[in-house]
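Take a moment with the sequence and the 3D view below.

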Amino acid sequence: MILVYPGSFDPITNGHLDIITRAACICDKLIVAVGNNENKKPAFTVEERIDLIKASVGNREDIKVTGFTGLLADFAKREGARAVIKGLRAMSDFEYEFQMALLNKTLEPDLETLFMMTSVHYSYLSSSAVKEIARNGGNIDGLVPECIKDRIVEKLTCR
Ligand code: COA
């Protein structure tokens, strides 16, 4: 079974990596799909975000990292995915994710959405929080994968 894990990943955090690692255990192939939320102004280009995810995940045959444009439902269908998987951090994520799941189901009735609870250590984490801490000289140790920490700090502090 193929699952798609979509997101902005601007940038990937340890919370995302937790979902990626656990989701990969319950499918044959996980596609990490980097898209743009039209309501957000990303700090990293799609290519940069893909590179950061690849560096964090390492070389694994069961995980593909790619960008997508257009509708998630169309992308998932093209890739032959059975379901979309999303992480839920708190009840506050639920309303938005519920709406997205229903919209995607309307667009593509055969496409399911699965939710995985984020590990408790990362339930407070978001990409925006990481960016705000890094831009203001704070310590992002433990919030993002160690191997990409310096690249994130460099990008967000050199202006
Ligand atoms: N750990 C840490 N953070 C997490 C997390 C986890 N496990 N799960 C979610 N988040 C955070 C993200 O960091 C992000 O934080 P931010 O708001 O500070 O950037 C936030 O939760 C939500 O981000 P994400 O899950 O990436 O969703 P998104 O709202 O940015 O959506 C797309 C991105 C690409 C998936 C979405 O816009 C999309 O599907 N676009 C295609 C168009 C489409 O089909 N739309 C639907 C029909 S209208």
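Predicted model: local features only at pLDDT ≥ 70, side-chain atom pairs only at ≥ 80, totals over all residues.

Residues are numbered from 1 along each chain as its sequence is written, and side-chain values use heavy atoms, with hydrogens and water left out.

Start with the sheet. Five strands form an open sheet, in the order β3-β2-β1-β4-β5, and the pairing is parallel. Strands here are DSSP runs of E with at least two residues, helices are runs of H or I with at least four, and both are numbered from the N terminus. Two strands pair if DSSP finds at least two bridges between them. The edge strands are β3 (63-67) and β5 (112-117), and each pairs on one side only. On average, neighbouring strands of this sheet are turned by 30 degrees against each other, direction ignored. Such angles run from 0 to 180 degrees between N-to-C directions, and axes are lines fitted to C-alpha atoms, for helices over the stretch in contact.

Now go strand by strand. Strand β1 (residues 2-7) is joined to β2 (residues 29-34) by six bridges, and the two run parallel. V4 has I31 as its bridge partner in β2. Two bridges join β1 to β4, again parallel. There, V4 stands opposite V84 in β4. Between β4 and β5 there are six bridges, and these strands also run parallel. A83 has its bridge partner in β5, at E112.

How many residues of β4 are buried? Six of the six are, so β4 is largely enclosed by the rest of the structure. Buried means under 20% relative accessible area, exposed means over 50%, and partly exposed lies in between (1.4 Å probe, protein chains only). A83, I85 and G87 point one way from β4, while V84, K86 and L88 point the other way.

Next come the helices. Helix α2 (residues 46-57) lies across β2 and β3. Its direction runs at about 170 degrees to β3.

Helices also pack on each other. Two packed helices are described by the angle between their axes and the distance between the axes. Take α5 (residues 127-135) and α6 (residues 149-157): their axes come within 9 Å and cross at roughly 70 degrees. Therefore α5 and α6 are roughly perpendicular to each other. Angles of 65 to 115 degrees count as roughly perpendicular, under 35 as roughly parallel, over 145 as roughly antiparallel, and the rest as oblique. The contact (heavy atoms within 4.5 Å) is made by V130, K131, A134 and R135 of α5 and I152, L156 and T157 of α6. These residues divide into four nonpolar, one polar and two charged. Ala, Val, Leu, Ile, Met, Phe, Trp, Tyr, Cys and Pro count as nonpolar, Asp, Glu, Lys and Arg as charged, and the others, Gly among them, as polar.

Helix α6 also packs with α2. Their angle is about 155 degrees, and their axes are 11 Å apart. The pair is therefore roughly antiparallel. E48, D51, L52 and A55 of α2 meet R151, I152 and K155 of α6 in the contact. By class, that contact has three nonpolar, no polar and four charged residues.

Finally, look at F115 in strand β5. At 33% relative accessibility, F115 counts as partly exposed. Leaving aside neighbours within four places in sequence, F115 is in contact with K86, L88, E97 and A101.
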